[in-house]
Amino acid sequence: MGTPETSREPCPDRILDDIGGAFGMGAVGGSAFHFLKGLYNSPKGDRLLGASQAVRLNAPRVGGSFAVWGGLFSSFDCTMVYLRQKEDPWNSIFAGAATGGFLSMRQGLTASTRAAAFGGVLLALIEGAGIMLNKFLSAQQPMPMIIDEPMPPNGLPGLPGMPVPPPGADPAPPQNSWFGGGWFGKKDEVAAGGDGGSETKVLESFDAPPVPNFEYK
């Protein structure tokens, strides 16, 4: 799971991405807030009309204010990334403080300093909450289970259902094997029982036909 810094867009595209996201957030939130406010303040019979007018007049303004804040924050954030050559929460904290101070610059130095401190503390709380949430989610992920199978006494892995020969014993020859002496062996003795006794037959090995020679003479 990536951190909030690594999961964001790269720096040149981050500014436009944050401007669009902030405008959408402000427009949606402002629409809901001013719709309820216009619905409450409008007279009876014209509540829906008053609510729609309040949304039409105030929602773009709120969305624009959010877009300005998001654009300035991303610009300061990218500046800090360029100057420090690293991605960490300190960039967001400095960017939040600079954005708050820049937006309150017209109200004087005291108000600008107060807004900068408030922006820095707010971004520090947001970044700290994001880091704690990432650690909590990473700790909740289950670790893969590794099962170690015990080794047999002779050091060779045995198959389930098959007996393992003791150490030092010769392995038993295969029974009814095609290659060991059943079909393609050299000799095979077949014992047949009957009324007059037993008879032993010797079967010769199966000889393959000669390979034809295609050499031109």
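In the predicted model, helices H1 and H2 cross with right-handed geometry. H1 comprises residues 11-41 and H2 residues 47-84; the two pack at an angle of about 155°, with a separation of 5 Å between their axes. Angles over 145 degrees count as roughly antiparallel, and H1 and H2 are therefore roughly antiparallel to each other. By class, the residues of the H1 contact with H2 are 21 nonpolar, 13 polar and 5 charged.

The crossing of H3 past H4 is right-handed. On the H3 side, the contact is made by Pro89, Ser92, Ile93, Gly96, Ala97, Gly100 and Gly101. H4 contributes Ser112, Ala115, Ala116, Gly119, Gly120, Leu123, Ala124, Glu127 and Ile131. The contact of H3 with H4 divides into 8 nonpolar, 7 polar and 1 charged residues.

For 32 residues at 1.5 Å a residue, H4 should span 46 Å, and the computed distance between its end C-alpha atoms is 47 Å, which agrees. The buried residues in H4 are Ala111, Ser112, Ala115, Gly119, Gly120, Leu123, Glu127, Gly130 and Asn134. Among these, Ser112, Ala115, Gly119, Gly120, Leu123 and Glu127 are also part of the contact with H3. The cover over the buried residues of H4 includes H2 as well as H3.

How values were computed. Residues numbered from 1 in each chain as written. Predicted model: local features only at pLDDT ≥ 70, side-chain atom pairs only at ≥ 80, totals over all residues. Heavy atoms only, no water. Left-handed = near helix turned anticlockwise from the far one by under 90°. Helix = DSSP H or I, 4+ residues; strand = E, 2+ residues; numbered from the N terminus. Contact = heavy atoms within 4.5 Å. Nonpolar A, V, L, I, M, F, W, Y, C, P; charged D, E, K, R; others polar. Axes fitted to C-alpha atoms, helices over the stretch in contact; angles between N-to-C directions. Parallel < 35°, antiparallel > 145°, perpendicular 65-115°, else oblique. Expected span 1.5 Å × (residues − 1). Buried < 20%, exposed > 50% of the residue type's maximum accessible area, 1.4 Å probe, protein only.
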